[in-house]
Amino acid sequence: MKTICAMREVFRAMSSFETAFEKVYRITLNEAMILCILKDATERMTATNLSKSTDLSPSHTSKMLRILEEGLIVRELGNEDRRQMYFHLSSTGKQRVSELEVDKVEMPELLKPLFK
């Protein structure tokens, strides 16, 4: 039971951080994770690649991509297979990723040791 109670505190801390993060950056942690993955990508990224990289469900990834396509990412059709779609950061998205600094957001004490 002690583990469950400790996990509850971790979830509370993460929820608190996510709320603060959204207030500062006006994007969710899931959206930020997708932006970071696209920034670091060494290959062309599909929705499937992004879903696997973030451990988000395909439907949730799809929703995040639609939101991010409103200026932060660009969708391209594949050259060989026009049904295949690839995603990359727009110039605005690149700028936004460079601005994402966790230290601008209050980190709950419980999580601080994880990021030292």
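This is a predicted model: local features need pLDDT of at least 70, side-chain atom pairs count only at pLDDT 80 or more; totals for chains, interfaces and linings use all residues.
Reader: What makes T48 partly exposed?
Author: T48 has a relative accessibility of 48%. Buried means under 20% and exposed means over 50%, so T48 falls in between and counts as partly exposed. T48 is found in helix α3, residues 47-54.

Reader: Which residues of α3 are buried, and how do you know where on the helix they lie?
Author: The buried residues of α3 are L50, S51 and T54. Seen down the helix axis, they fall within an arc of 100°, so they line one face of α3. These residues pack against α2, α4 and β2.

Reader: What follows α3?
Author: D55 comes after α3, and its phi is positive, near 60°.

Reader: Why is the pair D40 and K39 called a salt bridge?
Author: The closest N and O atoms of D40 and K39 are 3.2 Å apart. The cut-off is 4 Å between a side-chain nitrogen of Lys or Arg and a carboxyl oxygen of Asp or Glu, so this pair qualifies.

Reader: Why is D40 called exposed, while K39 is called partly exposed?
Author: D40 has a relative accessible area of 51%, and exposed means over 50%, so D40 is exposed. K39 has 48%, so K39 is partly exposed.

Reader: How do you know that E69 and R75 form a salt bridge?
Author: Their closest N and O atoms are 2.6 Å apart, which is within the 4 Å cut-off. E69 is partly exposed, with a relative accessible area of 28%, and R75 is partly exposed at 35%.

Reader: How many salt bridges are there in the whole structure?
Author: A search of the whole structure finds 5.

Reader: Where is E31, and which side chain of opposite charge is nearest to E31?
Author: E31 lies in helix α2, residues 29-40. The nearest side chain of opposite charge is that of R96, 7.2 Å away. A salt bridge needs the atoms within 4 Å, so E31, although buried, has none.

Reader: Which backbone atom lies 3.0 Å from a polar atom of the side chain of E31?
Author: The backbone nitrogen of T28 does. Leaving aside neighbours within four places in sequence, E31 is in contact with M64, I67 and L68.

Reader: What makes up the largest nonpolar core?
Author: This core has 25 residues, and those with the most contacts inside it are F21, I27, I34, L35, L38 and I73. The largest share, 5 residues, comes from α2. Leaving aside neighbours within four places in sequence, I27 touches residues including F21, L35 and R96.

Note on methods: Residues are numbered from 1 along each chain as its sequence is written. Side-chain values use heavy atoms; hydrogens and water are left out. Helices (H or I, at least four residues) and strands (E, at least two) are DSSP runs, numbered from the N terminus. Buried means under 20% relative accessible area, exposed over 50%, partly exposed in between (1.4 Å probe, protein chains only). Lys and Arg count as positive and Asp and Glu as negative; His and the chain ends are not counted. A polar contact is a pair of N or O atoms within 3.5 Å; within protein, one must be able to donate a hydrogen and the other to accept it, and residues adjacent in sequence count only if both atoms are side-chain atoms. Contact means heavy atoms within 4.5 Å. The arc is that of the directions from the helix axis to the C-beta atoms. A nonpolar core is a set of buried Ala, Val, Leu, Ile, Met, Phe, Trp, Tyr and Cys residues joined through side-chain atoms within 4.5 Å.
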